[in-house]
Amino acid sequence: MSADITLRLATEQDIPTILAFIQGLADYEKLADQVVATEDKLRASLFGAKPYAEVVIAEYQQQPAGFALFFHNYSTFLAKPGIYLEDLFVLPAHRGRGLGKLLLSYLAKLAVERDCGRLEWSVLDWNQPAIDFYQAQGASMLHDWRINRVTGPQLQQLAQQYTD
C-alpha cells in the first residue's frame, strides 16, 4: 500500500463524509432522486444501539477519497456468515490509484478473518467499468440470479398480509 493511502473504519464523526459519498455514488448511478438518507438516519443505523452496517473509509493524503459500506448476511448452504458489500465508491479525482482494489481486498481479508464463506455484491448491468474491475479481481457474475426488492407502499402492503 502506498504511504499516501490509508484505510480505517468509520466513526460517528465521519457521518457527513459517508453521506457525501452516498450522494456521489447516487449521482454516478443516476439515482440521486432516490437518496433519502440523512445524517440522523445514518447515525442511528450505523452507530446506534444496533448497528446494521459498517463502513471503511479510504483516504488519500489524509483526505477522504472513497468508502465501502458492508454488512453481514448468511448462507444456509455454507452454514456460515458472509459479507455483503452494499456500496463501494471512489471519488472521480482519486480513481486509478488502487483505492477500489484496496477496499475490496480489505473486505476479503475481513471475510476470511471473520470465517465468512463468501463476499458478495451487486453491480448495475450498464456499469461496464465496474464489471470489468470486479472481474479483474476474480469475481464471478451470477447471471442466473435476479435481485428482488420490495420497498415503500409495496413493503407496507406485503407486511399487512401477515396475520398472527
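Student: Of the contacts in the protein with a separation of 6 or more, what share comes from residues 24 or more positions apart?

Tutor: Those residues account for 56% of them. Contact here means heavy atoms within 4.5 Å.

Student: What kind of model is it, and how are residues numbered?

Tutor: It is a predicted model, where local features need pLDDT of at least 70, side-chain atom pairs count only at pLDDT 80 or more, and totals for chains, interfaces and linings use all residues. Residues are numbered from 1 along each chain as its sequence is written, and side-chain values use heavy atoms, with hydrogens and water left out.

Student: OK. How many helices and strands?

Tutor: Five helices and five strands, in the order β-α-α-β-β-β-α-β-α-α along the sequence. Both are DSSP runs numbered from the N terminus: H or I with at least four residues for helices, E with at least two for strands.

Student: How much of it is buried?

Tutor: 30% of the 164 residues count as buried. The cut-offs are under 20% relative accessible area for buried, over 50% for exposed and partly exposed in between, with a 1.4 Å probe and protein chains only.

Student: Which residues have the most contacts inside the largest nonpolar core?

Tutor: L103 and L107, in a core of 21 residues. A nonpolar core is a set of buried Ala, Val, Leu, Ile, Met, Phe, Trp, Tyr and Cys residues joined through side-chain atoms within 4.5 Å. Two or more residues each come from β2 (54-60), β3 (63-75), β4, α3 and α4. Helix α3 gives the largest share, seven residues.

Student: What does L107 touch?

Tutor: Leaving out residues up to four places away in sequence, L107 touches V56, A68, F70, I83, L85 and L119. Another core, of 15 residues, lies apart from the largest one and includes I15, V55, I57 and L69.

Student: Switching to α4. Which of its residues are buried?

Tutor: A130, I131 and Y134, in a helix that spans residues 128-136. They sit on the same side of α4, because they cover an arc of only 100 degrees around the axis, the arc being that of the directions from the helix axis to the C-beta atoms.

Student: Why would positions three or four places apart point the same way?

Tutor: An α-helix has 3.6 residues a turn, so they do.

Student: What does that side pack against, and what is on the face turned away?

Tutor: The buried residues of α4 pack against β4 (80-90), α3 (99-113) and β5 (119-121). The face turned away from the buried side carries the exposed residues P129 and A136. A130 has a relative accessible area of 15%.

Student: Now rings. How many aromatic pairs are there?

Tutor: Six. Rings of Phe, Tyr and Trp (its six-membered ring) pair if their centres lie within 6.5 Å; planes under 30 degrees apart count as stacked, over 60 as edge-to-face and the rest as tilted. F71 and Y84 form a tilted pair, 5.4 Å centre to centre with 35 degrees between the planes. F71 is in strand β3 and Y84 in strand β4, 13 residues apart.

Student: Are those two buried or exposed?

Tutor: F71 is partly exposed at 27% relative accessibility, while Y84 is buried at 18%. W121 and Y134 also form a tilted pair, with ring centres 4.9 Å apart and planes at 55 degrees. W121 lies in strand β5 and Y134 in helix α4; Y134 is buried at 8%, and W121 is partly exposed at 21%.

Student: Last one. What is the phi of Q62?

Tutor: Near 65 degrees, a positive value in a residue other than glycine. Q62 is in the loop between β2 and β3 and is exposed, at 69% relative accessible area. Most residues other than glycine have a negative phi. A79, in the loop between β3 and β4, has a positive phi too, of about 55 degrees.
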